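Student: Please take a close look at one part of this model. I would like the backbone and the surroundings in one connected account.

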Amino acid sequence: EDLPSSTQDFVSGALSSGPTLLEPCMAPRCHSSEKSDVSAGLTTAAHEGAQFFLLKTEPMRYSIDMLSREPDGRCGWDGVRSLESTHLIKKRLNVGDLCLVYHHNCRSPGIVGIVQVVCGAYPDSSAWTPGPGLDPRSSPSNPKWFMFDVKLVRKFAHSITLSTLRAHPELGELQVLRRPRMDVSVVTEAQWLAVLALERKSRELLS
C-alpha cells in the first residue's frame with residue numbers, strides 16, 4: 001500500500017532540491033548492506049508501510065539547520081538517554097521510517113522538519129566519550145544506549161509551534177504533548193497527516 005498522497009507530496013519537493021551541505025558528520029556509518037539512499041528508502045517505505053516517529057532535540061546543541069549542513073544531510077542521532085525511547089530505537093525503528101524533528105528547551109518549541117531513518121540501531125559512542133552524554137555504565141563491550149542514522153528530507157518553511165499543536169484536538173494524544181520527557185516517540189498515521197496538513201496550510205499562507 002502506498003504512502004498517503006499528502007506524505008508523498010511532502011517529501012517529493014525536498015528530494016529534488018536537497019539541503020546545502022557544508023560540515024562533516026562525525027557519526028559512524030553503517031556497513032554498505034545496511035545503508036539506504038533516502039529516495040530508495042521512501043520507495044521501500046511506500047511498499048512496506050513506513051512507521052512514523054518524533055525526535056526531540058535541543059537546537060542550541062543540535063538543530064535541523066546543523067543537520068542540513070552535514071554531508072548528504074545525514075548524521076548519527078545520538079544522546080538518547082531514556083529507557084523507553086531506547087527500546088523504540090532497538091525494537092521498532094527501521095530503515096525507511098519517517099520522523100518529525102521537534103526543537104525543545106528553546107524560545108519557540110515546535111516541529112521544524114522531517115527526516116528519514118537510513119541506518120538502524122547501533123551502540124551510542126557518546127555514552128563513553130567525554131562530554132554531556134557520558135554514562136560510565138555504558139561501554140563498547142556492554143553498551144547501554146543506542147543511536148541510529150537519519151537523513152534530512154525537508155526543513156519546514158515555518159515551524160509548527162507547541163501552542164499550535166495544543167490548539168488542535170486531533171493532536172491531543174501526541175506523545176510529545178502528553179509525555180514530554182520522551183526523546184523518541186511514536187506518531188500515528190492520523191497524527192502524521194494532521195501535522196502535514198498544518199505545515200501545508202502554513203506554506204500556503206506564506207506564499
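Tutor: Asp-72 counts as partly exposed because its relative accessibility is 49%; buried means under 20% relative accessible area, exposed over 50%, and partly exposed in between, with a 1.4 Å probe and protein chains only. The model is predicted: local features need pLDDT of at least 70, side-chain atom pairs count only at pLDDT 80 or more, and totals for chains, interfaces and linings use all residues. Residues are numbered from 1 along each chain as its sequence is written, and side-chain values use heavy atoms, without hydrogens and water.

Asp-72 is not a glycine, yet its phi is positive, about 65 degrees. It sits in the loop between helix H3 (64-68) and strand E2 (74-77). Helices (H or I, at least four residues) and strands (E, at least two) are DSSP runs, numbered from the N terminus.

Now Asn-105. Its phi is also positive, near 55 degrees, in a residue other than glycine. The loop between strand E3 (98-103) and strand E4 (110-123) holds Asn-105. Asn-105 counts as exposed because its relative accessibility is 58%.

Asn-105 also lines the second largest pocket, together with residues including Tyr-102, His-104 and Pro-109. A pocket is an open set of points on a 1 Å grid over the protein atoms alone, with protein on both sides within 12 Å along at least five of seven lines; lining residues have an atom within 4 Å of a point. Helix H5 (162-166) and helix H6 (175-178) are the elements that each give two or more residues to this lining. The lining divides into 6 nonpolar, 2 polar and 4 charged residues. Ala, Val, Leu, Ile, Met, Phe, Trp, Tyr, Cys and Pro count as nonpolar, Asp, Glu, Lys and Arg as charged, and the others, Gly among them, as polar.

Technical notes. 1 Å grid on protein atoms, 1.4 Å probe; cavity = no way out; pocket = protein on both sides within 12 Å on 5 of 7 lines; lining within 4 Å.
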